[in-house]
Amino acid sequence: MGDIKNFIYFQKVYEMHRAAEHLFISAQGLGKIIKNLEHEYNTTFFVRSQNGVIPTDSAKLFYDWSKEFILQDAHIKTEINNLNNGINRLRIGCASGILKAIQLKTILDFQIQIKLFM
């Protein structure tokens with residue numbers, strides 16, 4: 001499996017117009033990353049046209065799985081880092097009603113995004 005950053009780049013292409021500008025890489029570099037992912041997974045993720053790209057069904061499936069993979073990868077890295085540094089994580093419980101106000105997945109996704117870009 002490739003570099004985890006490639007999954008992030010894929011997600012940005014899926015989510016945004018002009019993704020290369022948001023990722024601070026060239027459009028050619030981003031295109032190469034997507035082409036390499038398409039080759040690795042033997043599919044086409046985007047139909048390219050003069051007006052931009054349209055995600056295929058394969059892209060939609062890969063997008064959902066890549067988000068889960070990135071989340072799991074960050075959890076693994078955090079746990080290994082904590083283990084190697086002898087860090088014990090403080091775990092705090094809360095009333096289940098709080099999860100109705102803010103979904104746990106939203107909190108975890110935010111935490112992962114913060115860690116990825118620090």
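User: Why is Asn42 called exposed?

Analyst: Asn42 has a relative accessible area of 72%, and the label exposed is given over 50%, whereas buried means under 20% and partly exposed covers what lies in between (1.4 Å probe, protein chains only). Asn42 is therefore exposed. Asn42 sits in the loop between H3 and strand S1 (46-49), where helices (H or I, at least four residues) and strands (E, at least two) are DSSP runs numbered from the N terminus. Although Asn42 is not a glycine, its phi is positive, about 55°.

Before going on, please note that this is a predicted model, in which local features need pLDDT of at least 70 and side-chain atom pairs count only at pLDDT 80 or more, while totals for chains, interfaces and linings use all residues. Residues are numbered from 1 along each chain as its sequence is written, and side-chain values use heavy atoms, with hydrogens and water left out.

User: What makes Phe24 exposed?

Analyst: Its relative accessible area is 75%, so Phe24 counts as exposed. Phe24 belongs to the loop between H2 and H3, and its phi is near 60°, a positive value in a residue other than glycine.

User: How do you know whether Pro55 and Thr56 are buried, exposed or partly exposed?

Analyst: We read the two values separately. Pro55, found in strand S2 (residues 52-55), has a relative accessible area of 28% and is therefore partly exposed. Thr56, placed in the loop between S2 and H4, has a relative accessible area of 17% and is therefore buried.

User: Which residues does each of them touch, and what makes that a contact?

Analyst: A contact means heavy atoms within 4.5 Å. Leaving out residues up to four places away in sequence, Pro55 touches Tyr14, Phe45, Phe46 and Lys60, while Thr56 touches Thr44, Phe45, Phe46 and Val47.

User: What makes a set of residues a nonpolar core, and which residues have the most contacts inside the largest one?

Analyst: A nonpolar core is a set of buried Ala, Val, Leu, Ile, Met, Phe, Trp, Tyr and Cys residues joined through side-chain atoms within 4.5 Å. The largest one here has 22 residues, and those with the most contacts inside it are Phe10, Leu30, Leu37 and Phe45. Helix H1 (4-15), helix H2 (19-23), helix H3 (27-41) and helix H4 (57-84) are the elements that give two or more residues to this core. Leu37, apart from neighbours within four places in sequence, is in contact with Asn6, Phe10, Phe45 and Phe62.

User: Why is the pair of Phe7 and Phe62 called stacked?

Analyst: Seven aromatic pairs are found in the whole structure. Rings of Phe, Tyr and Trp (its six-membered ring) pair if their centres lie within 6.5 Å, and planes under 30 degrees apart count as stacked, over 60 as edge-to-face and the rest as tilted. Phe7 and Phe62 stand 5.5 Å centre to centre with 15° between the planes, and the pair is stacked. Phe7 lies in helix H1 and Phe62 in helix H4, so the pair ties together parts that are 55 residues apart in sequence.

User: And what makes the pair of Phe7 and Phe69 tilted?

Analyst: Their ring centres are 4.9 Å apart and their planes stand at 35°, so this pair is tilted. Because Phe69 lies in helix H4 and Phe7 in helix H1, the pair ties together parts that are 62 residues apart in sequence. Phe7 counts as buried because its relative accessibility is 4%, whereas Phe69, with a relative accessible area of 30%, is partly exposed. Both belong to one aromatic cluster, formed by Phe7, Phe10, Tyr41, Phe45, Phe46, Phe62 and Phe69.
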